[in-house]
Amino acid sequence: MFLIKGARILGGAPADILLRDGVVAEVGAGLTAPEATVVEADGLIALPGLVDLHTHLREPGREDAETVESGTRAAAAGGYTAVHAMANTEPVADTAGVVEQVWRLGREAGHCDVHPVGAVTRGLEGERLAELGAMADSAARVRVFSDDGHCVSDAVLMRRALEYVKAFDGVVAQHAQEPRLTEHAQMNEGEVSGRLGLAGWPAVAEEAIIARDCLLAAHVGSRLHVCHVSTAGSVEILRWAKSKGWQVTAEVTPHHLLLTDELAETYDPVYKVNPPLRTKADVEALREALADGTIDCVATDHAPHPAEAKETEWAPAAMGMIGLETALSVVHEAMVETGLLDWAGVADRMSARPARIGRLTGQGRPIEVGAPANLTLYDPAARTAVDPAAFVSKSRNTPFAGLELPGRVHATFLRGRPTVLEGKVI
Amino acid sequence: MKRHLISAADLTRDDALLILDTAEELSRIADRPIKKLPTLRGRTVVNLFFEDSTRTRISFEAAAKRLSADVINFSAKGSSVSKGESLKDTALTLEAMGADGVVIRHNASGAPHRLAGWVRGSVVNAGDGTHEHPTQALLDAYTMRRRLGDLDGRRVTIVGDILHSRVARSNVLLLNTLGADVTLVAPPTLFPVAVDTWPCEVAYDFDAVLPKSDVVMMLRVQQERMSDAFFPTVREYSRRYGLDARRLSALPEHAIVMHPGPMNRGVEIAAEVADSPRSTIVEQVANGVTVRMAVLYLLLGGSEPAIGGAARDGGDAARDGGDVSRGGAIRDRGDVSRGGDAIRNGGDASRREDA
């Protein structure tokens, strides 16, 4: 039993929150509970536990980069109470057996809920559907399906996947990347790529797939989710699709809300990611879209890599950045400090909406009596330089090293049990 | 001047002119029976070649040897982590061996930039992927200056696969620094999308640009570009963008024809044009050694004039062809002023021989 004293729920007036039996038992001023452990939360903001729709935990297969244990510890440290574990593991999470394994590892680790994402196609090869129904019916109860890392580029296969998952209210999360337009692509195609002599990843390669998939989802009446939207053009297409009332949702990563392609000038592959960092105009469009709801949520695309995969020339380096432990601070910097979102908005985009897209019933609920006690206490006044050595994740490939960012996660509670206290993972 | 030469943009106008002037001085020894200067004696230059390029490696090797540096050739094809030792580990090895200068050729854009972060010595980019090839641009500028004089206001037309050309990138930057007006000519498919932000003009019509060119530089076009649909056929490319005798005759009388090599005769350049007196292609190769000597001297040797200065104790060092027992530079590795002495000695010798 925990009594949180004086937290500002969603940045509102200070209140006490009593957590008992895994739920929020009482909310109000001057609460007392003699047996409860008191958590002083003066000046801290209480948010519902964050939910990530897009996490690479790397297990099974690349335990040198991250494990379910280390990745979920990193998630808790970042204020998350649930993550969706992407399917591009070795072996690929394309069967009930693999998704159940990941799900069990998550339960055993106990730092946050782990919801495996099932592959859309067998082996992520884009040729035949994986057993989507078996994964949905498994103990892992998979609802989100994605070949992330690869685009389901075959239009017929994409149409069938969208239709098929309707039977269990699933959603296909598309990694929108037209493969032919991005062969050998290294970074955003534009002024910087031309100057640096790095092969370009044009915005149209993302936008063309998003446009096609929105039309397909409308045609078959299915739910489509678009992973890591990165361009201003994608935002326009999504806005149009939503205006039609189609069931299209989208996510943006923290790094696409803050960083631009000019960082590639360092040729340091810590800035190499897929989709690539774009231009300032794209960053501004993404922030606006997240603020007005065109983009539904923030998802980290936490992509751990061992040091040797990044300490190379640009071209052979692995793509991806870690993000679980910095996501809330980056959103604070990019969206709250700029006045684009208030804390209620942050809670909506980082907890409520991703939970709804993933069809999680016990996550993303408001902090009110009777709701599962999943919440995070955040100190908005802290301001620190990002220190990769202090990360809980097994990997260090952050693009934010040395950058001064606002805020710090003070505590995280998963169904009333602390996973983080005083900034330390338990 | 910066410690490394990675991009032509690293050079200010003064830096670039200093390199060209130094090369001009150094060219005087090329005609002497003994072509060696003791300037970089005791210094180690590593030629780190991850990509086959015999001509560039030999050019750098000759340049370093004429300055009496110890040269280590390290050729390592294939560079990714999966293919053996990483670039970082190679860099640490070079560092342990005490390389004063590393000349790197690599198929990945930005590799010299990465290397510079891992070694203490000076890094010279000898061509990285589709990024840059600054010493090629310097030798091209040197060649132009010898033929045409000052480059200020000169009109240079560069024709070919701009998108994939490190030579074009470095030339645009350097020629802009030196005040020349550059026009790039290619089919639209072979330009980077944002080429309009480059400090040059862009044209699709080669014929329209010809009469307004003091220099035409033809770039090699790889036949495999055809299979990627950059152009329909080699014949069509050649017709629209090749330099043949007819186009040569449309150039002003004084205009010169350049090519960084290796050429595809009959594709981007007709044999009769390549072999014409207006072609500087062979000269470029010779000038490459001189310009690279200047670059290595300025990065590794110091800032005093390469040749010339007050008379000292005779030209023994030069006459002896780099005898290690003579000359001031030898024993004090790293002493720039002594290095300068050695050069002056060499200069004295040359003057006497000239006389």
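Colleague: How many residues of chain B are in contact with chain A?
Modeller: The model discussed here is predicted. In it, chain A contributes 21 residues to the contact with chain B. The number of residues of chain B in contact with them is 21.

Colleague: What area is buried between chain B and chain A?
Modeller: The size of an interface is often given as the accessible area lost when the parts come together. For chain B and chain A, carbon and sulfur atoms give 58% of the buried area. The area itself is about 1500 Å².

Colleague: Which residue of chain B meets Glu311(A) in a salt bridge?
Modeller: Across the interface of chain B and chain A, the rule finds two salt bridges. In the salt bridge of Glu311(A), the side chains meet with an N to O distance of 3.0 Å. The partner from chain B is Lys88(B).

Colleague: Which helix gives the largest share of the side of chain B that touches chain A?
Modeller: Between chain B and chain A, nine residue pairs are in polar contact. On the side of chain B that touches chain A, α3 (87–97) and α4 (111–116) each supply at least two residues. By class, that side has nine nonpolar, nine polar and three charged residues. The largest share, three residues, comes from α4(B).

Colleague: How are helices α6(A) and α7(A) directed relative to each other, roughly parallel or roughly antiparallel?
Modeller: Helix α6 (residues 203–220) and helix α7 (residues 232–243) of chain A have axes that come within 9 Å and cross at roughly 10 degrees. Angles under 35 degrees count as roughly parallel. The two helices, α6(A) and α7(A), are therefore roughly parallel.

Colleague: How many nonpolar residues does the contact of α6(A) with α7(A) have?
Modeller: From α6(A), the residues in the contact are Glu206(A), Glu207(A), Ile210(A), Ala211(A), Cys214(A) and Leu215(A). From α7(A) come Gly233(A), Ser234(A), Ile237(A), Leu238(A), Trp240(A) and Ala241(A). By class, two residues of this contact are polar and two are charged, while the number of nonpolar residues is eight.

Colleague: By what part of a helical turn are Glu100(A) and Arg104(A) separated, and what is the N to O distance of their salt bridge?
Modeller: Both residues belong to helix α2 (residues 96–109) of chain A. Because Glu100(A) and Arg104(A) are four residues apart in that helix, they are separated by about one helical turn. Their side chains meet in a salt bridge with an N to O distance of 3.8 Å.

Colleague: What distance separates the C-alpha atoms of Asp348(A) and Val298(A)?
Modeller: Asp348(A) is part of helix α11 (residues 343–357) of chain A. Along the chain, Asp348(A) and Val298(A) are 50 residues apart. The distance between their C-alpha atoms is 9.7 Å.

Colleague: Is the peptide bond from Glu59(A) to Pro60(A) cis or trans?
Modeller: Pro60(A) is placed in the loop between β6 (50–55) and α1 (68–77) of chain A. For the bond from Glu59(A) to Pro60(A), omega is near 5 degrees. This peptide bond is cis.

Colleague: Where is Pro275(A) placed?
Modeller: The peptide bond from Asn274(A) to Pro275(A) is cis, with omega near -5 degrees. The place of Pro275(A) in chain A is the loop between α8 (254–258) and α9 (280–292).

Colleague: What is the value of phi at Leu124(A)?
Modeller: Leu124(A) is found in the loop between β8 (113–116) and α3 (132–137) of chain A. This residue is other than glycine, and its phi is positive. The value of phi at Leu124(A) is near 60 degrees.

How values were computed: Residues are numbered from 1 along each chain as its sequence is written. Chains are lettered from A and ligands numbered from 1 in the order in which they are written. This is a predicted model: local features need pLDDT of at least 70, side-chain atom pairs count only at pLDDT 80 or more; totals for chains, interfaces and linings use all residues. Side-chain values use heavy atoms; hydrogens and water are left out. Axes are lines fitted to C-alpha atoms, for helices over the stretch in contact, and angles run from 0 to 180 degrees between N-to-C directions. Angles under 35 degrees count as roughly parallel, over 145 as roughly antiparallel, 65 to 115 as roughly perpendicular and the rest as oblique. Contact means heavy atoms within 4.5 Å. Ala, Val, Leu, Ile, Met, Phe, Trp, Tyr, Cys and Pro count as nonpolar, Asp, Glu, Lys and Arg as charged, and the others, Gly among them, as polar. Buried area is the accessible area (1.4 Å probe) that two parts lose on being put together, summed over both. A salt bridge is a side-chain nitrogen of Lys or Arg within 4 Å of a carboxyl oxygen of Asp or Glu. A polar contact is a pair of N or O atoms within 3.5 Å; within protein, one must be able to donate a hydrogen and the other to accept it, and residues adjacent in sequence count only if both atoms are side-chain atoms.
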